[in-house]
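Please read the following report alongside the sequence and the model. It begins with the chain as a whole and then turns to individual sites.

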Amino acid sequence: MPINYRSNEEIEKIRQANHIVVAAHKRLEEILRPGISTKELDREAEIVIRDLGGRPSFKGYRGFPNTLCVAVNDQVVHGIPNKTVLKDGDIVGLDLGVEIKGYFGDAAQTLPVGEITEEARTLLRITQEALYKGIEQAVLGGRLSDISHAVQKHAESNGFSVVTAFVGHGIGTKPHEDPQIPNFGSPGRGPVIQRGMVLAIEPMVNVGGAEVQVMGDNWTVRTSDGELSAHFEHSIAIMEDGYSILSEF
Ligand code: MG
């Protein structure tokens, strides 16, 4: 499919969807604590989204059953919320999407539960930094793989690996649109970054190897070596004067 280049009016609608995404994330930050289940987090996120007039866009997407994708510790992405109670020292990836009036938003973060190890803290910091390093490359006239390269370089220069099996994506009137945005690769390739592009950039970074596997529920992705993984995502738009983060917290 061709890349969609959005008008400023459309970008504002995508921003509105992302504002609801951010409101749900803020609520999750407030209530996250040791002893809460991922199912409870899911329920709260859905309430916030519906109260603000949105629709949880992951729910029902390709049969996914919930509002929130969760990923605890060695899980990477796409976990289904359940009765699992989070414990002190866990890290939990929270990914959610919203549709309002036909436009979509999408953002993810990985949060500490109580006191986490130094290694986990570093992983969260480097993954979030990798996201921003990627975003900084989203400059007019640049190339899409400049983003990919910056993400990979930051993760690997800090001793971590990037997941290659899943990628970022365009977003707008569908939850996933072209172009695909890998978190790895050489710079200077792919489409030219132009006004009107709306991109969901989402590094997944592992402490150990890059290999991942899908679990028996056919959704949850985990690291093959059982080491920790983190995930951060923003939706951004390319405007006349450069990028704008639509899902800024
Ligand atoms: Mg996404």
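## Charges, fold and metal site

In the protein chain, the mean position of the 24 positive charges and that of the 34 negative charges lie 4 Å apart, where Lys and Arg count as positive, Asp and Glu count as negative, and His and the chain ends are not counted. Each charge is placed at NZ of Lys, CZ of Arg, CG of Asp or CD of Glu.

This is a predicted model, in which local features need pLDDT of at least 70 and side-chain atom pairs count only at pLDDT 80 or more, while totals for chains, interfaces and linings use all residues. Residues are numbered from 1 along each chain as its sequence is written, and side-chain values use heavy atoms, with hydrogens and water left out.

The secondary structure of the protein chain consists of four helices and 15 strands, taken as DSSP runs (H or I of at least four residues for helices, E of at least two for strands) and numbered from the N terminus. Of the 249 residues, 55% are buried, meaning under 20% relative accessible area, against over 50% for exposed and partly exposed in between (1.4 Å probe, protein chains only).

The magnesium ion has as protein donors Asp106 (OD), His169 (NE2), Glu202 (OE) and Glu233 (OE), at 2.1 to 2.4 Å. Donors are N, O and S atoms within 2.8 Å of the metal (3.2 Å for Na, K and Ca), and water is not among the atoms, so sites may look incomplete. Along the chain these donors follow the spacing D-x62-H-x32-E-x30-E. Asp106 in strand β5 (residues 103-112) and Glu202 in the loop between β9 (198-201) and β10 (204-206) link distant parts of the chain, being 96 residues apart.

| Residue | Relative accessibility |
|---|---|
| Asp106 | 4% |
| Glu202 | 7% |
| Ile49 | 0% |

Ile49 lies in helix α2 (residues 38-51), and its C-alpha atom is separated by 6.3 Å from that of Ala24, 25 residues apart along the chain. Not counting residues up to four places away in sequence, Ile49 touches Ile20, Ala24, Gly54, Arg55, Pro56, Thr67, Leu96, Gly97 and Val98, a contact meaning heavy atoms within 4.5 Å.
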